[in-house]
Every structure is written in C-alpha cells, then in structure tokens.
Amino acid sequence: MMTPDLLAKYDQPVPRYTSYPTAPHFHAGIDAAAYGSWLEALDPAQPLSLYFHVPFCDSLCWFCGCHTRVVNRYEPVATYFELLKQEIALVAKRLGPGRTVSHMHFGGGSPTMLIPDDIRRLGDFVWGLFNKAPDAEVAVEIDPRGLSYETVRAFASIGVNRASIGVQDVNRQVQEAVNRIQPLSSTAEAMAALRAEGVDRINIDLMYGLPFQTVSRVLHTVECILPLRPDRLAVFGYAHVPHMKPHMNLIPGHALPGRDERFRQQQAIADLLVEAGHVRIGLDHFAKDSDPLVAALREGRLHRNFQGYTVDPTEMLIGFGASAIGALPQGYIQNVTAMPEYRKAIGEGRLPVARGIALSAEDRLRRAIIEQIMCHLRVDLAAMQRDAGLSLDLSGERMALETLAADGLVQIEGEILTVPEEARPLLRSVACVFDAYLATGKAKHSRAV
C-alpha cells in the first residue's frame, strides 16, 4: 500500500531510463569521427531502426519538454527538409548499400508540419537508400489540430502504419492553461482519417499532473477517449522543469496538483484503463490484448528506447535531425540542437554530432538490468551477470535494495528481484539503484511520480 510518507520518500528526481547511461552524461568526447567509425562497423546483416526529428510546431504547448520551435511560415521547414535529406545521405554512405529497416519513427515537434509533397519526397528518398522489411513498423506522431486528409494520405503512402496522437486532457480549462486547445472532435476526425487510409494502429498520449487537473477530470478524459478505440495509451506525468524549459514559467504554478493528487490521478487512470480491458505495460503504457506489446510482455521480449516501450529488438537506432539521439552497440550519440550548428555541419559534409557516450561492458550489463526492471518488473541478477560473462560488485546496491524491500517497493528471493504491482508507479526509483552515474545527474531529471 502506497502511503503519503512512502510517496514523499521516493518521489525524487530520477531518469525515465529510455537510455542508460542517460543523456545528461553524454559528452563532447564522442564526435563525428567516432560516430562515423561506429556506423561503418555495424553488422550489415542486422536490421536498422530510423528516427527522424522534425523540430517545428505552429504553436508551443507550454508543457512540452521536446526540442522544437514555433514557425509561422513554411520556409524554415523546407530548408530543414533539404538538410535532413543530406544528413540521411551522409549516414547511408557510411553504412553502405542494402541496409534493411525494420522500424521507422517520425517525431518532433510536429512531423505533420511537413507538407504532403515533402512527406512523399522524404519517403521516396529514404526508401531509395534503404530496404523496408516486409513487416516494418513505420510510425508518426500526429498533431490532429488542423490535420489535413492529404497529409494523412501522404504519410500512409510512404508506409506509415502506426500513429501517435497527443491529447493530454480534454478539459477546456486545462487546455487553456497549457496553451493547447484541442477539441475532442479533432482527435476523432484524425483517427477516422488515419483508419480510412489503412493506418489502423493508433496510440493516444495522455498526461496527469497538469494545471487544474483533478481525478474526476482525468477520468473524464479517459472516458472520452476509450470510445475512439485506441490500440495503446501512454500516460505521462507532467514534468515541471522551468529551469530547463523557460516557457514552462507560463504555466500557472499555483494550479499544479501536489504530489498526493498527482499519484491519485495516475492511479485512477490506470485503474480505469485496466478495468476497460487494457493490459498495463511497464511504467506508463496500456495496450489492448491483441497489441504486439502485450505479446512481447508475456514472452519476455519487451524493450525500452527513446520512443518508450517497444517490440523493436535492434541495437541500431539511428537518429536524424537536430537534437536527435541514436543508439548503437558501441554507444549513444546526439546531434547538435541549434539550427545554425546543424546547418553548418551539414553544409560542410560532416555528421552533425554534438556529444555521446561509449558503452563499457559494465554499462551494457547495468542497462540490461534496468531494462528488465522497467519492462518486466523482475530481474534475475545472477542470470544477467552469467549471460554477460561479467560479475559486478553490487554490495552498495544490495544495501539500497534492502531498504526498498523494507518499504515494500521490491521483493528479494535470492538473486531475483520483483517489483510488486502496488509499487509499479515507483519503478524508476527501483531501477535507479543500478545507475552508477545517477549521483552526478539528479538535477537533470523529473520526479518519479
């Protein structure tokens, strides 16, 4: 049973663990030369995942933590589109011909800022350089506000078969407080258009912890969304970090729910979704029983990367665009964020890398342990170390785990750790025990709940 005292004790800044080591520990020592050599060393027989970042929106949602900027004309987007193609060509040259892609994701910002002709041109360009696997998942993040049918048709024409739609909350007062006015009808119309074009795998993103939200309001949002029949829902806690994202100062701080209220909102949403027949996935995802995520969960094949929970097993995730992050067997890289720097690097024919981190054998093992906790709420420490051929000194971690066990956040049976269902909201607080870097990066992370 989660008490207010336990919540206060463990609701501290911790990473979301979409990578390990996490982004605050990337450094400039990993540059374009290192990344280029990593790309050239990749196994050509293994499939790739591609991520394309479109860092533009036509308005700024004040809760947003993404790298994006507002534009009111298409010229900057068109210029970026050409730069993005040049970066893709630079990477493809390093990889060599004939590479197969099993997953592709368009994120942002708002990929729907691209005009239909450029969407088709981008698809033609990518599939001219890479081979699409027969069962490839191609996903796009959709802003339904002002979405045209022609944009939907363009994405479908280049192979998109999954879409994620941001909703957050349907209450008008909440929407006004975060500068995202989105009638429920626009979400419903976008979903209908997607399905009409054969994009029938649809995710919905919701949030709790936003200003003026209450338990009754977040439940009303879920009750409005369920009749639209999404396949998956992701339920994120709003991270109020105005020291990192100054635009968050525009959010009325007095209207933000407190720790206990945030927890109640999160639990209420989860209970309603499970009651409606959705399977709970990891920390914050919910899916229909027929969704591939559920099969992956049951078969122990669930993974976690920068897009969240996924069935994608590849270690070769290549990020394109300003601020995009890639994950390779050798380590992580992140592109430059500022558009002038991105433009300069591409103009000089350089991979636009800003920073990264090389993985040690210990990093890989700790990453695998953390992923098991975040995905399956269970890890066999002895088996993980045996499979990795590496023995860790976990004496400090064991002391921390004993404290967690005393508080009911973990159960310990020999070398097997299990997070009980009632402690699921604090998964990140359990996973962070195995984070050897955390002490130097806490200020960069959001609260656990």
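## A buried aspartate

D363 is buried (under 20% relative accessible area, with a 1.4 Å probe and protein chains only) but forms no salt bridge, and R366, the nearest side chain of opposite charge, lies 6.3 Å away. A salt bridge here is a side-chain nitrogen of Lys or Arg within 4 Å of a carboxyl oxygen of Asp or Glu; Lys and Arg count as positive, Asp and Glu as negative, and His and the chain ends are not counted.

D363 belongs to helix α12, residues 361–376. Helices are DSSP runs of H or I with at least four residues, numbered from the N terminus. Apart from neighbours within four places in sequence, D363 contacts Y20, P21, A358 and Y437, contact being heavy atoms within 4.5 Å.

## Basis of the model

The model is predicted: local features need pLDDT of at least 70 and side-chain atom pairs pLDDT 80 or more, while totals for chains, interfaces and linings use all residues. Residues are numbered from 1 along each chain as its sequence is written, and side-chain values use heavy atoms, without hydrogens and water.

## Helices α3 and α4

The axes of α3 (residues 75–95) and α4 approach within 11 Å and cross at roughly 5°. Axes are lines fitted to C-alpha atoms over the stretch in contact, with angles from 0 to 180 degrees between N-to-C directions. The two helices, α3 and α4, are therefore roughly parallel, a term for angles under 35 degrees.

## Helices α4 and α5

The axes of α4 (residues 116–129) and α5 (residues 149–157) come within 9 Å, crossing at roughly 5°. Helices α4 and α5 are therefore also roughly parallel to each other.

Conventions: Buried < 20%, exposed > 50% of the residue type's maximum accessible area, 1.4 Å probe, protein only. Parallel < 35°, antiparallel > 145°, perpendicular 65-115°, else oblique.
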